Amino acid sequence: MAIFTGVRTLKMGGREVWPLVEGGKGVSATNHASSGAWALAGGVGTVSAVNADSYDVDGLIIPQIYRAATRRDRHEELVDFAIEGGVAQVQRAYDIAAPELKRGIGGININVLWEMGGAQRVLHGVLERTKGLVNGVTCGAGMPYKLSEIAAQYGVHYYPIISSARAFRALWKRAYSKAAEWLGAVVYEDPWLAGGHNGLSNAEDPRVPQDPYPRVAELRATMRELGVPESVPIIMAGGVWRLDEWANWLDNPELGQIVFQFGTRPLLTQESPIPDAWKQRLFNLAEGDILLHKFSPTGFYSSAIRNPYLRGLEARSERQIAFSTTATGDHQFALDVGVGTKRYFVTGGDLLHAREWHGAGFTEALKTPDNTLVFVTPPERGTIRKDQADCMGCLSHCGFSAWKDTDTNSTGRLADPRSFCIQKTLQDIAHGGDPDANLAFAGHSAYRFASDPYYSNRFIPTVKQLVDRILTGA
């Protein structure tokens, strides 16, 4: 096999690895099988520790069913599930890759979202029981200041996910400089191209993507200014498909050592744990079929396949009108559909819209935290209210259920019916649910499965075959 020019192994987190990292995809879209195989091939495999699967004595997945009556108690069940699942996945991944790992080649990381419910407790629980197995912790979806402290406590490296040099500077000055020796790499996640949740800020236009090169060059300049050693790589994540498309990033003194993270392509491998229906759906995507949206209950932007489920959320949000509780300004017309005896005043145009939606079967108006009403069908209303009531606190701060990981367990705002229960839909799609009826995270390059000749006739490679292919530049 001919290795692409400029690609060579390097030391990262004390391990000898190819500059290839598997993106960690939760819930259960990256598990021991894929990450263990990735590490065995000499890269860094990434176990998702976001509500990972655990197993019974017969090796069958234990369904994550919540039996407690209160949200607080269900949250404790969730943390227990997450720790048991994370430990099980790490142990199994290590067993797969052990022949190479014991020689100092390849590595196993775990991935967590800082905004997931009980993130710090889960990290402590998993790392305490997997000593010597985990090389590092990759963490994003928030500003994980305590990541370095926790990683250092267990002697593992940390890999913060950031989307700007400014974010890294803040993390370094507040916390990371105190545990500098455990910084394995800095993951730059392109907020316009990466799948799943991303770090798009309020100052950036989701409709105007920026070239990642100057942003990564600025990150390296910031790292140098702060005294971060040149031996600490930057991991480019988001939009990475073929290495020959990134040739000018290799052996580039302005950027320093660069490693590439692949999140989307590993979805379509034989070891990938996602169901076959989801894999087959990936072959049918066209350019533009991935939507950067803000329906996630985290409040972050995220990227997913624009399937019927996501289009339904778009339509729900469009059936939305502003209201006032008194007749004021343009809001002079009493709303007479969807609200029973409650008094809301809307504009004349919105009154006509509401009557039209009501006539089409969207007869229930639900209040949002932003003084608007969204119109849904009675079955939709029932599903929304049940999902909100069944909340188990899977996020530290959830817009959909108004759960917050504090003493009061409340955000102090209304639950937002424009969003959805992310735990429910990610668990469903990962365990056999219809990929068109659930949230299906994917990077914006996923449409390339349909046109890349490597996947002709719906070929699905093993992880080793994929890694070998990537190393050739293709």
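**Entry 1: a helix on a sheet**

I looked up helix α10 and found that its residues 378–389 lie across β17 and β18, with contact meaning heavy atoms within 4.5 Å. I read its direction as about 30° to β17; axes are lines fitted to C-alpha atoms, for helices over the stretch in contact, and angles run from 0 to 180 degrees between N-to-C directions. Helices (H or I, at least four residues) and strands (E, at least two) are DSSP runs, numbered from the N terminus.

I keep in mind that this is a predicted model, where local features need pLDDT of at least 70, side-chain atom pairs count only at pLDDT 80 or more, and totals for chains, interfaces and linings use all residues. Residues are numbered from 1 along each chain as its sequence is written, and side-chain values use heavy atoms, leaving out hydrogens and water.

Next I checked helix α9 (348–359), which lies across β14 and β18 and runs at about 150° to β14.

**Entry 2: the sheet itself**

I traced an open sheet of 3 strands, antiparallel, in the order β14-β18-β17; strands pair if DSSP finds at least two bridges between them. The edge strands, pairing on one side only, are β14 (320–322) and β17 (364–367). I noted an average twist of 30° from one strand to the next.

Between β14 and β18 (372–376) I found 3 bridges, and Gln-320 has Val-374 as its bridge partner in β18.

**Entry 3: cysteines**

I looked for disulfides (cysteine sulfur pairs within 2.5 Å) and got 0. For Cys-398, the nearest cysteine sulfur belongs to Cys-391, 5.6 Å away. Cys-398 counts as buried because its relative accessibility is 7%, and buried means under 20% relative accessible area, with exposed over 50% and partly exposed in between (1.4 Å probe, protein chains only).
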